[in-house]
Amino acid sequence: MQKIKKALLVEGGGSRGVFSFGVIDSFIQASYNPFDIHLGVSNGAVVQLWYLLAVSHYNLDKMLFSASGDYIRYSNLFINKSIMNFEKLYEDANKVFPIDFDRLQNNLKGKTFHVVISDADTGKPEYIELSKENYINQMLATGSLPVLMKNPIYLQGRRKYDGGITDPIPVQKAYEMGAKEIVIIRTYEQTFIRKTKLENYIAAFATRSYPQLAKALKENTTTYNSALEFIDNPPDDCKIIQICPPQRLSTKRATTNVNTMKADYQIGISCGKKFLEKEL
């Protein structure tokens, strides 16, 4: 009998990823990883990376590290600099939490891990596997949001942006890759429906030199809600389970308050354990 492929998807959401880290830490504590396919978007790619590395069952420290440094400056908007200094964050974090790429590759035997990015020229999503030589740039690409991050990220000579612009919840991609059981770690409550955001139109204006990307930004609400429609009405041969916060997280995209982040991490731990009670 052919083995049913299982996929784990982790949605992005900046600092809201503390919830996702809570979920995956509950998985690591239980030595639970039955997944064949791993897909991560934006900060969700970071969560997947540490889940696959499994060097610790307490990964909130990565998020608290990003909150502790001087990596977010809204005043930079007025001097045409990045609001979020992701390059410096990754440089500093890699010194404190070095990535053991050999361990990652070993843990990926029999599995795949794809990071979602958006191509500036085509305005389409791309699903890339990390390389030992260029993984930092690849991880930067999946979190490169217009306006927030001014410094361009190029992969093979082409500019890339945050994967959440073009495929924020890559559930249809997971199904196309052969997954028949899909678990999605969300950073919004299950009843959430995306509404049109002014910031997407601001970002579209900022990226008007890339017309297809600007178009994707304007259509992001439709793209997001189409993924929700697929989740609610999957094909007959596909089972989809969401792990969501029970209500809107107190942590927002750029929250740096440690107590708030710790509280939402604990919610993630609790939701992960409830999921495992049904699965194990």
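**Strands, helices and rings**

Modeller: In strand β6, Lys160 stands opposite Ile153. This is a predicted model, in which local features need pLDDT of at least 70 and side-chain atom pairs count only at pLDDT 80 or more, while totals for chains, interfaces and linings use all residues. Residues are numbered from 1 along each chain as its sequence is written, and side-chain values use heavy atoms, with hydrogens and water left out.

Biologist: What makes β5 and β6 a pair of strands?

Modeller: Strands are DSSP runs of E with at least two residues, helices are runs of H or I with at least four, and both are numbered from the N terminus. Two strands pair if DSSP finds at least two bridges between them; β5 (residues 153–155) and β6 are joined by 3 bridges and run antiparallel, so they meet that definition.

Biologist: Why is the pair of Phe65 and Phe97 called edge-to-face?

Modeller: Rings of Phe, Tyr and Trp (its six-membered ring) pair if their centres lie within 6.5 Å, and planes under 30 degrees apart count as stacked, over 60 as edge-to-face and the rest as tilted. The structure holds 15 aromatic pairs. For Phe65 and Phe97 the values are 5.8 Å centre to centre and 85° between the planes, which makes the pair edge-to-face. Phe65 lies in helix α3 (residues 60–68) and Phe97 in the loop between α4 (86–96) and α5 (101–107), so the pair ties together parts that are 32 residues apart in sequence.

Biologist: How do you know that Arg208 sits over the ring of Phe205?

Modeller: The definition asks for NZ of Lys or CZ of Arg within 6 Å of the ring centre and within 35 degrees of the ring normal; the charged end of Arg208 is 4.0 Å from the centre of the Phe205 ring and sits over it.
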